[in-house]
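Please keep the sequence and the coordinates at hand while reading.

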Amino acid sequence: MSWELFWLLVEASGLTILYSAVSIVVGFFVSAAVCAGVLSSNRPISAAARLFVSFFRGTPLLIQLLLIYYLLPQIGLNVPSAVAAVLGLSLCTAAYQAEILRGGFQSVPRGLIEAADMCGLSAFATFRRIRLPIAVRLTLPALTSEAIMILKSSSLISVVGVVELTTMAKDLASSTYQPLPIFAAAGFVYLVINLVVAGFGQLAERAARRGHA
Amino acid sequence: MNALSSIFGYLHGDDGWNILSGLANTIILWLVGSVLGAALGFFIAVARRYGPKPVDWLLKAHVEVIRGTPFLVQAYLLYFGGPYLCLALGDGSVCLTLEPFHAGLLGLTVYGSAYYSELFRAGFEAIPRGHIEAATTVGFTRWQTLRRIILPEMTMLVLPSMVNMTILLLKETAVLSIISVKELKFQVDIIGNRDYAFVESFTILALVYWALVEICGAVGRAAEARLSRYRFAHS
Amino acid sequence: MSIVSAIRVSGVVKRFGSTAVLTGIDLDVPRGAVTCLLGPSGSGKSTLLRCIAFLEEATDGIIEIDGEPLGFGLDPDGVRMRLPDASLRKVRSKIGMVFQQFNLWPHMTALGNVAEALVTVRGLGRVEASEKAMAQLEKVGLAQRATHYPSELSGGQQQRVAIARALALEPKIMLFDEPTSSLDPELTGEVLNVMRSLAETGMTMLVVTHEIGFAASVASKIVFLDHGKLLVEGAPAEVFGKPRHPRIDQFLDTYLDRGAAGLL
């Protein structure tokens, strides 16, 4: 396998990173709303949020992507396949991130909130200054794993024809008749990206452990 | 309503049988893959903990590679790997070819083993040192300690994550349709493509997987509830 | 006219579901002195303290801080009713609390922990808050640890920061919930010393503790709780001197081994 082919894979991995990053960020904001919904005391809202989490965690991402890809045009939304793919990835990761956030908030020790209470902090100040930073700190390892999971899962958007690393590997494999080295190289590129993300995650955790959440 | 009635229209006759055979294959791949993956994962965890350092490094590299690459890419490698090796060897007399089904099962097992091994490793770590020291002071051998103390405690500790992992494997089986393993999604795709009924076919698939996941989760929770009786004072 | 007590507890009952933890407590905590709340574990002393801090809501009864009802008051017909949150916040701001588990916020430095409420509650500027917080840390002897995070401090140092955090808000009354119970014996001394010097400044303190020696030497009033009831109250000499209540005898037997024998 030549350097030219490998370079094509590296270039395509930029799209993999782009789609994953957008999905994770969009998913984070959706997940905050979903998490608030799950923890809400309003029964219909809580039930709807739970149903959302259950569905997107309970079905294969591959099926979610295909369903959204074919469903959007049927309801009159003709969007590029990349948009449909990012929407699918975002909704899926939102369900997982919502559960991660919920776990984080629920494991903030009660005593720390009581201490804030005794210092007279308002509910909002307690949320912003105590609960949120501690919850994010507690969930950093899980959020890093989720980011890595999405980077890997983004390979599935190749089935709806979006150009990214796996699509490029597939195309090159069939045009060069060298599937083994090409997919091995693609796997290597994924591995490197994920090791870098894991490294950043560890740096963030170390910084957070000293306090700077 | 029209879409819904057409969904149920697929659930009888030949189409129904094809879907059922696909479902059977999915469940076999899932259950066998999970059991073999968990067994291999346990072996990896024990070898890494008690084996010599080089074994630990080698297995760590294996686990990191599997966990750092998409399952789809691993599946492609297994699927194309065999025929390509035949071509590379020239005359095709020495040939490693795997049926898609076997390639899929092998892929699931290896993929699962990497994740399961990490669960078991975390489980080993989470057992309080004092429990093992207590076993030592009352005269347990290493093997007795493993069998009577470490394994039962670890089962309780890792059960929730094992259920999650097993659910993850079920969802990964759908990816195997891409390498033409004749599992549930593969069979439903045939019908969807034939009738140009994509939304219906993917809705059926989503509902079936969702039901399987919920059942698996309920069984897991029941098992946890049973085991929690044995969860004595963790101080 | 009698002097208003710092804390007056009347008829306080606390039930968790069907279990009654406090069964009608009446108590006066005098101003400018140290009152120690003793009792075997499960006697309800921590629950009583948490009710006085309004971390738990008493099922029945009235608690007055400085003559003002806390959380619940009596309407003109003498019926117990919930008071508005504004009144609760105002009355509660007179109280500072120190917890058994310190409860320092792990993502803030020692200085940050002390300054936080000065900024968000009192609305002071960062600089002014830091100066005030620094002064409090100096009082507990930890000025040179100001930039350390809780995980970088010993248990005793963490508890001293927690005391500084409570003092920074200038409370009239300080509540201590077993402040030394999760400390190694060699670290309890530094916390008790800080509490002793605080007592010398005339701070009103209500302390739940197992440190009999501290109670006997610093407290002006001992309150002994057993099974959710107030069993004995009085000056240390009355409570610990003979003849003693048999339950107190029993309780002391358990703790005299801890070196308190010489003090009694």
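In which helix of chain A does A:V26 lie? A:V26 belongs to helix α1 (residues 3-39) of chain A, where helices (H or I, at least four residues) and strands (E, at least two) are DSSP runs, numbered from the N terminus.

This is a predicted model, in which local features need pLDDT of at least 70 and side-chain atom pairs count only at pLDDT 80 or more, while totals for chains, interfaces and linings use all residues. Residues are numbered from 1 along each chain as its sequence is written, chains are lettered from A and ligands numbered from 1 in the order in which they are written, and side-chain values use heavy atoms, with hydrogens and water left out.

**Chains in contact**

- Of the two pairs of chains in contact (heavy atoms within 4.5 Å), chains A and B share the most contacts.
- Chain B and chain C are joined by no contact, and their closest C-alpha atoms lie 14 Å apart.

**Interface of chain B and chain A**

- The contact brings together 33 residues of chain B and 35 residues of chain A.
- About 3,000 Å² is buried between chain B and chain A, with carbon and sulfur atoms giving 79% of that area; buried area is the accessible area (1.4 Å probe) that two parts lose on being put together, summed over both.
- Between chain B and chain A the count of salt bridges is zero, a salt bridge being a side-chain nitrogen of Lys or Arg within 4 Å of a carboxyl oxygen of Asp or Glu.
- The rule does find seven residue pairs in polar contact across the interface of chain B and chain A, both residues being at pLDDT 80 or more; a polar contact is a pair of N or O atoms within 3.5 Å, where within protein one must be able to donate a hydrogen and the other to accept it, and residues adjacent in sequence count only if both atoms are side-chain atoms.
- On the side of chain B that touches chain A, at least two residues each come from α3 (53-68), α4 (71-88), α5 (100-126), α7 (142-173) and α9 (198-227) of chain B, and α9(B) gives the most, with 10 residues.
- By class, that side of chain B holds 23 nonpolar, five polar and five charged residues, where Ala, Val, Leu, Ile, Met, Phe, Trp, Tyr, Cys and Pro count as nonpolar, Asp, Glu, Lys and Arg as charged, and the others, Gly among them, as polar.

**Interface of chain C and chain A**

- Chain C contributes 24 residues and chain A 20 residues to their contact, and the two chains bury about 1,900 Å² between them, 60% of it on carbon and sulfur atoms.
- Of the area that chain C buries against chain A, 30% is supplied by C:W105, C:H107 and C:Y149, more than by any other three residues.
- The rule finds three salt bridges across the interface of chain C and chain A; A:D117 forms a salt bridge with C:R92, their closest N and O atoms being 3.1 Å apart.
- Six residue pairs are in polar contact across the interface of chain C and chain A, again with both at pLDDT 80 or more.
- The elements giving two or more residues to the side of chain C that touches chain A are β8 (95-98) and α3 (110-120) of chain C, and α3(C) gives the most, with three residues.
- That side of chain C has 13 nonpolar, five polar and six charged residues.

**Chain B and the nonpolar core**

- Chain B has nine helices and zero strands, and 45% of its 235 residues are buried (under 20% relative accessible area, with exposed over 50% and partly exposed in between; 1.4 Å probe, protein chains only).
- The largest nonpolar core has 207 residues, such a core being a set of buried Ala, Val, Leu, Ile, Met, Phe, Trp, Tyr and Cys residues joined through side-chain atoms within 4.5 Å.
- Helix α4 (residues 81-106) of chain A gives the most to this core, with 12 residues.
- C:I163 is one of the residues with the most contacts inside the core, and its partners, not counting residues up to four places away in sequence, include C:V98, C:M174 and C:F176.

**Single residues**

- A:V26 counts as partly exposed because its relative accessibility is 38%.
- C:S5, in the segment before β1 (7-16) of chain C, counts as buried because its relative accessibility is 14%.
- The side chain of C:S5 makes a polar contact with the side chain of C:D28 (2.7 Å).
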